[in-house]
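Reader: I am new to this structure. Could you take me through the terms used for it, one at a time?

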Amino acid sequence: MPSLDDLKKRIKSVKSTQKITKAMKMVAAAKLRKAQENAEKGRPYSQKMQNIILNLTKSINDPENAPKLLVGTGKDETYLCVVLTADRGLCGGFNSNICKLAKTNFKKILNEGKKLKIITVGSKGLDQIKREYGKYVIKKFSFKEKKQITFTEADIVGKEIIDLFKNGQFDKCILFFNNFKNVITQVPQAQQIVPAENKSVDLKEEKSNIYEFEPDEDEILEDLLPKNISTQVFKAFLENAASEQGSRMTAMDNATRNAGELVDKLTINYNRSRQASITKELIEIISGAESL
Amino acid sequence: MSNEFKVEIISPDNSILKTSASLVIIPSFEGEIGILRDHIPLITFLRPGLIKIGEEGEKKYFVEDGTVEFSNNNLLILTSTAKELGSLDKRSIETNLQDAKEKIKDNAISDKEKYLLSYKIDTLSEIDR
């Protein structure tokens, strides 16, 4: 049975933890609103970019000479996995969810006897991955000192991917990130960016326009595809940033609630043992008086 | 109003402009293109220059690169560098211009880059005036 003093200290410490988690929740909520806005603002760009590429792809008449970034190298020997995580912890399952998804994919790739290369963005993901897959990590990025991630940072990562591709370092590239659905739900996602996936070509788009191209399709594609990669990376960054804050907010909300429950429980305990000691003293006094 | 069409300029982190106009002039890679309503569907990309919106060129944006799509009377300009002319301050224009002039002296760059840079210098010095 802990003494009254111990209980008092314990209650105090839990209360101060609660204060911290509450503050973190508030901060995350404020940041979330901004990140969410950014993510929503960024969506049209990447969507429309994808649309244009789709239209271009359809009008390519000679698929064999099409840019490699679009159709791929024709092999699937080496996989490049880009894992995007946060630089900070204390955000619930955010980082672990991405890593879990990435690791299942790594396993699959290695089981099929293919080569694996990993690029990590954000330090938390690296920590989780390097234990098992450390030797596959070829490059790590961290934008910890940046307050807000802009297109420039995405461009750095995008250029790295393109350089590796041009040197024939990989055949397929997959991005791992958390897709921001709403504050409570974030879905870890694997998106293939090289070669560009055309799964969204559906029937209703078939009667699309015949475009005029200036200069010609190939040149536009060559200009557009590298940009598209940076754009997709940037989109992933934005989604990730919003998800991180959302996830942190929920986690901290839970932590605050749990701390509150703990304080209640401890307070009951404290009161009970205080009452017990008073009763004990009373009994002692009464029995002392009786014996006189 | 019947001769107007929709214009949208979108950058990765923001939607810069959403309006309608009857004439837009864009600095396409192979030369300036004026777009009117019912232009045939078009996809092209930009070189450094000015996007002029409206018959009198009421709104001007400086761009360095970007992609343009026109279809069904919707003009879509995707660019990461668009800046409205009024919002550019003189100093940043000058440093930008100096940078470009330095770069073009470098013989290692490709003809395409040189071509783009020369347009950047022309446009910037025109704005600077």
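Author: Let us start with handedness. A crossing of two helices is right-handed if the near helix is turned clockwise from the far one by less than a right angle, and left-handed if anticlockwise. One caution before we go on: this is a predicted model.

Reader: What makes the crossing of H3(A) and H4(A) right-handed or left-handed?

Author: The angle comes first. Helix H3 (residues 94-111) and helix H4 (residues 123-133) of chain A pack at about 35°. Their axes lie 9 Å apart. H3(A) passes H4(A) in a right-handed crossing. By the definition, the near helix is therefore turned clockwise from the far one.

Reader: How do you know which residues of H3(A) and H4(A) meet?

Author: The test is a C-beta distance within 7 Å. In H3(A), the residues that meet H4(A) are Asn95(A), Ser96(A), Ile98(A), Cys99(A), Ala102(A) and Phe106(A). Their counterparts in H4(A) are Lys124(A), Gly125(A), Gln128(A), Ile129(A) and Tyr133(A). By class, this contact has 6 nonpolar, 4 polar and 1 charged residues.

Reader: Why is chain A called more spread out than a compact globule?

Author: Compare two values. The globule rule gives 19 Å for 292 residues, but the radius of gyration of chain A is 28 Å, well over that, so chain A is more spread out than a compact globule. The C-alpha atoms fill a box of roughly 115 × 40 × 35 Å along the principal axes. Chain A has 6 helices and 6 strands.

Reader: What makes S4(A) and S5(A) a pair?

Author: Pairing needs at least two bridges. Strand S4 (residues 172-180) and strand S5 (residues 186-194) of chain A have 8, in the antiparallel sense. Therefore they count as a pair. One of the bridges joins Asn179(A) to Val187(A). A hairpin of 5 residues links S4(A) to S5(A).

Reader: How do you know that S6(A) pairs with S5(B)?

Author: Apply the same cut-off of at least two bridges. Strand S6 (residues 212-214) of chain A and S5(B) have 3 bridges and run parallel. So this pairing qualifies too. Glu212(A) has Leu42(B) as its bridge partner.

Reader: Which strands form the open sheet, and what makes a strand an edge strand?

Author: The order is S6(A)-S5(B)-S8(B)-S9(B)-S1(B)-S2(B), with mixed pairing. An edge strand pairs on one side only; here these are S6 of chain A and S2 of chain B. From one strand to the next, the twist averages 10°. Within the sheet, S1(B) and S9(B) run parallel and share 5 bridges. Val7(B) and Leu75(B) are bridge partners there.

Reader: Which helix lies across S6 of chain A and S5 and S8 of chain B?

Author: That is helix H6 (residues 217-291) of chain A.

Reader: How many residues of chain B are in contact with chain A?

Author: 21 residues of chain B contact 24 residues of chain A. S5(B) gives the most to this side of chain B, with 4 residues. The side of chain B that touches chain A has 10 nonpolar, 8 polar and 3 charged residues.

Reader: What are the domains of chain B, and how many of their residues are in contact?

Author: Chain B is divided into domain 1 (5-84) and domain 2 (89-128). Their centres are 21 Å apart, taken over C-alpha atoms. In domain 1, 6 residues contact 5 residues of domain 2. On the domain 1 side, 3 are nonpolar, 1 is polar and 2 are charged.

Conventions:
Residues numbered from 1 in each chain as written. Chains lettered and ligands numbered in written order. Predicted model: local features only at pLDDT ≥ 70, side-chain atom pairs only at ≥ 80, totals over all residues. Domains from an automatic or database assignment. Contact = placed C-beta atoms within 7 Å. Nonpolar A, V, L, I, M, F, W, Y, C, P; charged D, E, K, R; others polar. Axes fitted to C-alpha atoms, helices over the stretch in contact; angles between N-to-C directions. Helix = DSSP H or I, 4+ residues; strand = E, 2+ residues; numbered from the N terminus. Rg over C-alpha atoms; globule rule 2.2 N^0.38 Å.
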